[in-house]
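I opened a new notebook page for this chain. My notes follow the order in which I looked things up.

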Amino acid sequence: MEAAAEFVVESPDVVYSPEAIEARYEYQTTRISCDGGVLKVRPTSAHFTFRTARQVPRLGVMLVGWGGNNGSTLTAAVLANRLRLSWPTRTGRKEANYYGSLTQVGTVSLGLNAEGQEVHVPFRALLPMVSPDDLVFDGWDISSLNLAQAMRRAQVLDWGLQEQLWPHMEALRPRPSVYIPEFIAANQGARADNLIPGTRAQQLEQIRKDIQDFRSSKGLDKVIVLWTANTERFCDVVPGRNDTAENLLRTIEVGEEVSPSTLFAVASILEGCAFLNGSPQNTLVPGALELAWQHRVFVGGDDFKTGQTKVKSVLVDFLIGSGLKTMSIVSYNHLGNNDGQNLSAPSQFRSKEVSKSNVVDDMVLSNPVLYAPGEEPDHCVVIKYVPYVGDSKRALDEYTSELMLGGINTLVLHNTCEDSLLAAPIMLDLVLLTELCQRVSFRTDADPEPQGFHPVLALLAFLFKAPLVPPGSPVVNALFRQRSCIENILRACLGLPPQNHMLLEHKMERPDPTLKHVGPAGCPDLCKKGPVSAASSGCTGDTNGHSQAKAPQQATT
C-alpha cells in the first residue's frame, strides 16, 4: 500500500521530540442550565496538554475464537498484505488490501491549501500507529483445526488466495479454550474438541499463562485480547456474584456461574492487557468493569458494527436529522455461517437482538420536537439461519416515516454483506486505535497530574453496535458523530482545531486577510488519484458542473 503522507504542525503550541509529540489544545464546549423555564447556554473552555509517545511497540493480538470465520479471515488478511499477494478471480486479478479499515484507507482533511482546495491525508498519518503488517497473532478456540483448515471451513476467501496462504497458516493452531455448554447454542457442541480442563479458577489461571507465554516467546511489548467467538446468552447481574470486582473474583474461585467471555476478560485485565468484546452479550459485567478501573486497563465493546446496523446508524440519523418522523423500523436478515447457526438458538438471538435494537435511541432523543417523552419508533429485528448463503449475509430493512400533512415515506433497502470481510478490518481498527490510546496521556490547567483515557474506551464507539461508555456518559450511536469523535481527538493530540466543515473563508463577501491561505505551491495531496479533469463545458468538478464566476479583485492598500 502507498506510504502515509508526512506532515508536521507548525505551531508554538506543538513540540516534537524523539520521544513524544506534545500539543497544547483549547477544548471549547458549553454548559446548560435552566432558569425559570429559560435555557441558559454558557460557553466554556479548558486547556489540555496532550502527550503522544512516538515509539511504536511490537504488538501481539490474541483472538478468542481464532479458528472462527472472523479470526481466520483477519489472520489471512494480514498475511496476504504482508506477503503482497495477488490472485486470479473471474473478474480479473485482485491484490491484497485493507479496504474497510478506517485507520488504513480512511482519510481526514487537514484544511485548505494555497489554492483553496482541501488537502486529505490517510488516517494512519495523523499519529504514529502500529502497522497492521507487523501484528503477531495467537489465540484460543474450542475447535482444534489449524488456521489453514479453519480458513477452508469458513469459505470466505477465493480459492486461489487460500492456496497461497495455506503453507503460511497451516502451522498456526489455536490454544485450547473454555467451553461452557449452557452459554452457547447446543449445535456448537460438535466443534468443541479443544478445551481447557479443570475448575473455573484453573481455567482462568491457564488463560493467564497462555498470555504470558505468548508475550515472552514472541518478544512482545504489548498484547491485546479480542473476543470474536460465539455469541453467548446474557449473564444475569447478581449482587454478591458479579456486581463488584471482589465478588466476581470470588465467584470464579468457588466455581459459580461466570461466562467464558468474562473469564477471558478477567484474565486479560489481570495480565494488564486491553480486552475488546466483539459479541453482543454482557461480557463486561459491573465486576469486570470495576476490575478494569482498578488495574487501569482498557476495555471496550460490544458487538462489531459491520453491515445492517452500520447502515441503520447512518440512515436513521439522516431521516430524523432531515425532520422526518421515523415511526417503524423492521430489520430482517439471514446468514449461513457458524454465527448464524449459533444465533438460531433463542437465548443467543436475544443477545444479538438487544445490541441491534438500541442503535437508534440517541437519534430519537435528539429531537424532542418530533418525539414526545417516551415515544419511539416500532423496531423489530429478525435473524434466520440459511446454510446455503454461508458468510454472505442478506439484510432487508424497511423504514417508514411520517411527512408533513399526513404523508408517509417508506424506504426499503436490500444489503448483501460479506460478513467476515467486513468484520476483519473493524477488528484491525479496534486493536490499532486501542494501542494508540495507550500511548496518549494528557493534563489540564486545573489538574496538572498526567492521566490517560477512562478504562472504558468510549472512543471506539464507531466500531461497535452497542458501545460501552463510562458511567454517566451519553451513548452516541450516530455513525458520523462517532467518526468525528475519533478524528477530532486525534487532531487535538496535534493541537489542531476540530473539523467543523464551516469553510467560512469561502462564504464571505469580502475575504478576511487573516483567513487567506498562503504557502508554497507544489505540495501534492497524496490521497488524490489525479487532477480533476475539466468537464466538456469548461467547468471543473469542484463547482458541481456549474460555471464559476471569477472572484472580484480586492483593492490593495
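I took helices (H or I, at least four residues) and strands (E, at least two) as DSSP runs, numbered from the N terminus. By that count the chain has 14 helices and 17 strands.

Ground rules next. Residues are numbered from 1 along each chain as its sequence is written, and side-chain values use heavy atoms, without hydrogens and water. The model is predicted, so I kept in mind that local features need pLDDT of at least 70, side-chain atom pairs count only at pLDDT 80 or more, and totals for chains, interfaces and linings use all residues.

I checked confidence. pLDDT is the predictor's confidence in each residue, from 0 to 100. The chain averages 89, and 88% of the residues score at least 70. Over residues 528-544 pLDDT stays under 50. Where pLDDT is low, the predicted coordinates should not be read in detail.

I looked up burial: buried means under 20% relative accessible area, exposed over 50%, partly exposed in between (1.4 Å probe, protein chains only). Buried residues make up 48% of the 557 residues.

Is V41 buried or exposed? V41 is exposed, because its relative accessible area is 53%. I found V41 in strand β3 (residues 38-53).

Then I turned to R175. R175 sits in the loop between α4 (159-169) and α5 (200-217). I noted R175 as buried, because its relative accessible area is 15%. For contacts I used heavy atoms within 4.5 Å. Leaving out residues up to four places away in sequence, R175 touches several residues, including M62, W140, N194 and F214.
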